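Have the model open as you read.

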Amino acid sequence: AVLGEARIALGGYLYMTADQYFHRGVGHATDKAFESDFFQRLRSGASPSRHMHLSRYDVSEMLPWLRLATRLNPQDVETYLVAAFWLAKESGRPDLAVGLLTEAQAENPFDYRIQLEKGRIRLKQKEYRAAAIALDTALAFWPSGFPDNKDTRFDKASALLYRALVNELSGEKEAAITRLSEILLLFPQRHEIQDRIEVTIP
C-alpha cells in the first residue's frame, strides 16, 4: 500500500528476477501430463516438452520471488500461472498450485486462463471430475475480454482438447466428439482431429 503504483513496477521486476535466475539452468525434458499417443501429440503444440530450467531444489528457491510478485500485483495473471506451473511441475506440490490459482481467481474473477491451468493440473493428477469443472468454467469464461485472435483461440482449442480427453476417459464418446468438432471450427486444418473423431465414433 505504501508503494502505491510503484508496486506494479516492482512486481514486474521481481518476476524478471525470478525468470533470469531460472534460466541459468540446463535443459532437460519434463514429464508428460498423460501418455495417450493422440492427445500427447496434440499437446506438444499446446505446451513445450522441453524447458531450460534449474534443479527442483533451485526452482523452489525461485518461487518466493514469484510469490512476492503476485502479492504486489495480484492482477498480473501471468505471474500466477508461471508460479503455479512450477509448483505443480518441479516442486511436486499440485495442491499448492491449485491453492494459488484459487487466489488468482479471487483477484481476477473471470479470467479463463486461470481455470485452464487448474484444469491441466487436475487432469495430470487424474482428478477428472475437478478437471471437467475447471475446463468447463474456462470455456464459459473465454475469451474474458481478450481479443478473439489466434492466441486466444489456441487457448480455447487447448481447453476443448483436454475436455475431450476427460470425456473419453469417462466413456462419454458423443461429448468427446462434440468437443473435438468445436476445435475443427477454430482450426479446420487440424486433420488429426478429424481422424480422431472418426476413430471415436461408436
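**Loop between helix 7 and helix 8**

Ser 144 sits in the loop between helix 7 and helix 8, where helices are DSSP runs of H or I with at least four residues, numbered from the N terminus. Its phi is near 55°, a positive value in a residue other than glycine. With 26% relative accessibility, Ser 144 counts as partly exposed (buried is under 20% relative accessible area, exposed over 50%, partly exposed in between, with a 1.4 Å probe and protein chains only).

In this loop, between helix 7 (128–141) and helix 8 (150–169), you will also find Pro 143. The peptide bond from Trp 142 to Pro 143 is cis, with omega near 5°. Most peptide bonds are trans, and most residues other than glycine have a negative phi.

**Loop between helix 6 and helix 7**

Lys 126 lies in the loop between helix 6 (112–124) and helix 7. Lys 126 has a positive phi, near 60°, and counts as exposed because its relative accessibility is 62%.

**Helix 4 against helix 5**

The axes of helix 4 (residues 77–89) and helix 5 (residues 94–107) come within 7 Å and cross at roughly 165°. Helix 4 is therefore roughly antiparallel to helix 5 (an angle over 145 degrees).

Residues of helix 4 that meet helix 5, with heavy atoms within 4.5 Å, include Tyr 80, Leu 81 and Leu 87; on the helix 5 side, Leu 100, Glu 103 and Glu 107 are among them.

**About the model**

This is a predicted model, with local features needing pLDDT of at least 70, side-chain atom pairs counting only at pLDDT 80 or more, and totals for chains, interfaces and linings using all residues. Residues are numbered from 1 along each chain as its sequence is written, and side-chain values use heavy atoms, leaving out hydrogens and water.

Definitions and conventions. Axes are lines fitted to C-alpha atoms, for helices over the stretch in contact, and angles run from 0 to 180 degrees between N-to-C directions. Helices (H or I, at least four residues) and strands (E, at least two) are DSSP runs, numbered from the N terminus. Angles under 35 degrees count as roughly parallel, over 145 as roughly antiparallel, 65 to 115 as roughly perpendicular and the rest as oblique.
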